[in-house]
Amino acid sequence: MRNFKVAVYGREYAQDAQFDSNDVEIGEWRKLNLLRILLLYLLIMNMVGLIVMGVDKSKAKRHAWRIPEKTLFLVSLLGGSIGTWMGMYLFRHKTKHWYFLIGMPMICMLHIVIAVYVFYKLLSINCFD
């Protein structure tokens, strides 16, 4: 079995080492709090995206004033891409427009890449020597 160390927030621990919350520095707690805030923000924005798509579909059925497509894309760009993309198919709304069919998945993929990068940078976990 290969002996390896686990680096958590820049501190190295042996494979069988025990560590608790006292080992985490104040700056590291700030990183965790920032991560929680970012995740909460994304959750809220995705719920907003889903709701906005549902409201726009409802207004379309009633031939009422609609939410502009720029607003739908803005909500998606601001972090609600998964919610708006889900709303497209849940409410069968905007699924025939090529710019929604291509744009929403592209924005979603961009958000996933950014999220992985930010998650990696905030946690900086390295399990190899």
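**Note on the predicted model: pocket, pairs and surface**

1. The largest pocket is lined by 16 residues, and those lying nearest its centre are L38, L42, H111, I114 and A115. Its volume is about 390 Å³. As to terms, the search runs on a 1 Å grid over the protein atoms alone, where a pocket is an open set of points with protein on both sides within 12 Å along at least five of seven lines, and a lining residue has an atom within 4 Å of a point. Points are joined across faces, edges and corners, and the volume is the space filled by probe spheres set on them.

2. The basis of these values should be kept in view: this is a predicted model, in which local features need pLDDT of at least 70 and side-chain atom pairs count only at pLDDT 80 or more, while totals for chains, interfaces and linings use all residues. Residues are numbered from 1 along each chain as its sequence is written, and side-chain values use heavy atoms, with hydrogens and water left out.

3. On the overall fold, the chain holds three helices and two strands, which follow the pattern β-β-α-α-α along the sequence; here helices (H or I, at least four residues) and strands (E, at least two) are DSSP runs numbered from the N terminus. Of the 129 residues in the chain, 29% are buried, where buried stands for under 20% relative accessible area, exposed for over 50% and partly exposed for what lies in between (1.4 Å probe, protein chains only).

4. Returning to the pocket with the helices in mind, α1, α2 (69-90) and α3 (98-123) each supply at least two residues of the lining of the largest pocket. Helix α3 gives the most to that lining, with seven residues.

5. A search of the whole structure finds two salt bridges, the criterion being a side-chain nitrogen of Lys or Arg within 4 Å of a carboxyl oxygen of Asp or Glu. In one of them D56 pairs with R66, with the closest N and O atoms 3.1 Å apart. Because D56 lies in helix α1 and R66 in the loop between α1 and α2, this pair ties together parts that are ten residues apart in sequence. D56 counts as buried at 0% relative accessibility, whereas R66, at 33%, counts as partly exposed.

6. The side chains of E69 and K94 also meet in a salt bridge, at 2.9 Å from N to O. This pair links distant parts of the chain, with E69 in helix α2 and K94 in the loop between α2 and α3, 25 residues apart. E69 is partly exposed, with a relative accessible area of 26%, while K94 counts as buried at 9%.

7. For aromatic contacts, rings of Phe, Tyr and Trp (its six-membered ring) pair if their centres lie within 6.5 Å, and planes under 30 degrees apart count as stacked, over 60 as edge-to-face and the rest as tilted. By this rule there are three aromatic pairs. The rings of W98 and Y99 have centres 5.6 Å apart and planes at 85°, so this pair is edge-to-face. The rings of Y99 and F100, with centres 5.5 Å apart and planes at 45°, form a tilted pair. Ring pairs link F73, W98, Y99 and F100 into a cluster.

8. A nonpolar surface patch of about 590 Å² is made by L40, L43, I44, M47, V48, I51 and V55, and L43 has its place in helix α1 (residues 26-61). Patches are made of residues with over 30% relative accessible area and no salt bridge, like charges being joined within 9 Å and nonpolar side chains (Val, Leu, Ile, Met, Phe, Trp, Tyr) within 5 Å.

9. Two backbone values deserve a check. Most residues other than glycine have a negative phi. H63, however, has a positive phi of about 55° although it is not a glycine; H63 lies in the loop between α1 and α2 and is exposed, with a relative accessible area of 75%. R92, also a residue other than glycine, has a positive phi near 50°; R92 is found in the loop between α2 and α3 and is exposed, at 69% relative accessible area.

Notes: Areas by Shrake-Rupley, 256 points an atom, 1.4 Å probe, with all protein chains shown as cover. 1 Å grid on protein atoms, 1.4 Å probe; cavity = no way out; pocket = protein on both sides within 12 Å on 5 of 7 lines; lining within 4 Å.
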